[in-house]
Amino acid sequence: MVSRILVDGYKSIDRIELELKGFTLLSGINSAGKSSVIQALLYMIQRLKLRDNGERGCEYVDLGRFPDIKNNVKGNKKILFEIDTKDGAVTSKSGVTVTIGEGFSLMELETELPEDKRSYVTTHHIVYLPTDRIGVEKAYDLNTEKPQEIGNHGEYTYSFLGMFGQEKIPEEAFACKPETVGMSLNNQVNYWLEYLTGFHIQTNIVSDIDQVVATYANAKSNRYYRARNVGTGVTYIATLLIAALSCKVDDALIIENPEIHLHPRAQSRLVEFLAYVSNLGLQVILETHSDHIYNGLRKCIKKEKIMKDKAAIYFFELDETMQTRVYDIKLNSQGAEENHPYGLFDQFDDDLDELLGM
C-alpha cells in the first residue's frame, strides 16, 4: 500500500506530507488541493510503471507546463513528489522531481529502489475512477486486448463483468456471505448492488462488434431495462462495485467523488462496502464533498466495521495567502470527532440555525 505522500511546490501546495491508511478520505473546499494530492500520487504511479516495464498505457494525468503548476507564492524552481510504499513489512521510498525546462515540464525519476527490484505500483493493481468516469451508455466497449483492465475512466468495467462474471471473484477473501451469495463475480456484484440500490445487473457480450450491453432489473422483478431507463446512480454505483471487486489484497482503489448521482442512503451504504473491502486488504482513497460519505465512515468506525487506526481523514482549506492548509481529523473509537475545523461539513448546521432564527 501507499503509506505516505509528500507534495512540495505544486499548485496551491507549499509543502504537505500525509500518512495514507487502508482507508483514506480527503475532503474540503473547492480548489484547496485535494485533487492535487491525487494527481501527484497518480503521476508517481505512471512514472514508476514507465520506469519498471515501459508501460505507457496508464497515463492518468498530464501535469502540463511548469509555469501553470508551480506554486506562485513559493516561487519554486522545481516540484517534488515523493511516496513511501509498504509491501508486507518492507517499506520503499520513491521520488519524482519535476523541473523547469524551456517552459515545460521535465520529469526526472529518482528512487531508492534497486534497478532490479520492481516497485509496488507495478506489482499490484491500481484502479483509478475520476469524476468523469464512464456513465450511462447504450453499449460499452469489449476490452479484448487487456481483459483484466478496468480502464482509466472505468470504461471497461462492464467488459470485465461480462467476461469474468461467471467465474470466481478475483479475490476470494472479498467474497461476502459466500455460502449463501455464491463466489461468482456476478453474484457478489449483485449482492452489493441490491443492498445499495435495490437493483441487479446482467451483461450480454455482442462478440460480432466487440460490445457489451448492460441491463438492470429491480431485485423484486425479473424484467431488465437498459441503463437509460433506470436511475443514473445505479449505473455509477455498479461501476464502483465492479471496479472494487476486480481488485485483490494489497491493490489500491482511488475514487474521486464516489457520491455522484447517489441518494444519501446509497452513499452511506457504499462506505460500508468500501470499509468491508478495505478491512480485508484493499487500500481505498476517496476524495469527497459529501457529509454522507464522511459520516458513513464515522459510523463504520463506531460499528467496528473498520478500526479507527486503519482510517485517515484530511480536511483541506486555503489560508489567507491562498495556500493549502490541511487538518488531520482525529476520531475516537465511537466515530466522534476529537478536533473539528470550521468548514468541515458545517453547512447543514449553519442552514438549520438560519431556519430556526438562531
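Biologist: Helices here are DSSP runs of H or I with at least four residues, and strands are E runs of at least two, both numbered from the N terminus. Where is the place of His124?

Modeller: This is a predicted model. In it, His124 sits in the loop between α3 (120-123) and β7.

Biologist: Is His124 buried or exposed?

Modeller: The cut-off for buried is under 20% relative accessible area. His124 has 17%, so His124 counts as buried.

Biologist: What is His124 in contact with, leaving aside neighbours within four places in sequence?

Modeller: Asp87, Val249, Asp250 and Asp251 are in contact with His124.

Biologist: Moving on to Val127. Which strand does Val127 lie in?

Modeller: Val127 belongs to β7, which covers residues 126-129.

Biologist: And why does Val127 count as buried?

Modeller: Because its relative accessibility is 2%, and the limit for buried is under 20%.

Biologist: Which residues does Val127 touch, not counting those up to four places away in sequence?

Modeller: The list for Val127 is Ile150, Ala243, Ser246, Cys247, Ala252, Leu253 and Ile254.

Biologist: Now Ser278. Which helix does Ser278 lie in?

Modeller: Ser278 is part of helix α8, residues 264-279. Ser278 has a relative accessible area of 8%, so this residue is buried as well.

Biologist: What does Ser278 touch, again not counting residues up to four places away in sequence?

Modeller: Gly22, Phe23, Val284 and Ile306. There is also a C-alpha distance to Val249, a residue that is among the contacts of His124. Ser278 and Val249 are 8.8 Å apart in space and 29 residues apart in sequence.

Biologist: Let's go to β1. How many of the residues of strand β1 are buried?

Modeller: Strand β1 spans residues 2-10, and nine of its nine residues are buried.

Biologist: Which strand do six bridges join to β1?

Modeller: One such partner is β4, residues 78-87, and the two run antiparallel. In that pairing Ile5 stands opposite Ile83. Another partner is β2, residues 13-19, likewise joined to β1 by six bridges and antiparallel.

Biologist: How many residues lie between β1 and β2 in their hairpin?

Modeller: Two residues, and Lys11 in that turn has a positive phi of about 55°.

Biologist: Now the protein overall. How many helices and strands does the secondary structure come to?

Modeller: There are 10 helices and 15 strands.

Biologist: What radius of gyration does the protein have against that of a compact globule?

Modeller: A compact globule of 358 residues would be near 21 Å, and the protein has 21 Å, so the two agree. Along the principal axes, its C-alpha atoms fill a box of roughly 60 × 60 × 40 Å.

Biologist: What percentage of the 358 residues count as buried?

Modeller: 52% of them do. Among contacts with a separation of 6 or more, 61% come from residues 24 or more positions apart.

Biologist: What does the accessible surface come to?

Modeller: About 16,700 Å², with 46% of it belonging to carbon and sulfur atoms.

Biologist: Last one, charges. How many positive and negative side chains are there?

Modeller: The protein has 39 positive and 52 negative side chains, and the centres of the two sets are 3 Å apart.

How values were computed
Residues are numbered from 1 along each chain as its sequence is written. This is a predicted model: local features need pLDDT of at least 70, side-chain atom pairs count only at pLDDT 80 or more; totals for chains, interfaces and linings use all residues. Side-chain values use heavy atoms; hydrogens and water are left out. Buried means under 20% relative accessible area, exposed over 50%, partly exposed in between (1.4 Å probe, protein chains only). Contact means heavy atoms within 4.5 Å. The radius of gyration is taken over C-alpha atoms; the globule rule is 2.2 Å times the number of residues to the power 0.38. Accessible areas come from the Shrake-Rupley method with a 1.4 Å probe; for residues, only the protein chains shown count as cover. Lys and Arg count as positive and Asp and Glu as negative; His and the chain ends are not counted. The place of a charge is taken as NZ of Lys, CZ of Arg, CG of Asp or CD of Glu. Two strands pair if DSSP finds at least two bridges between them.
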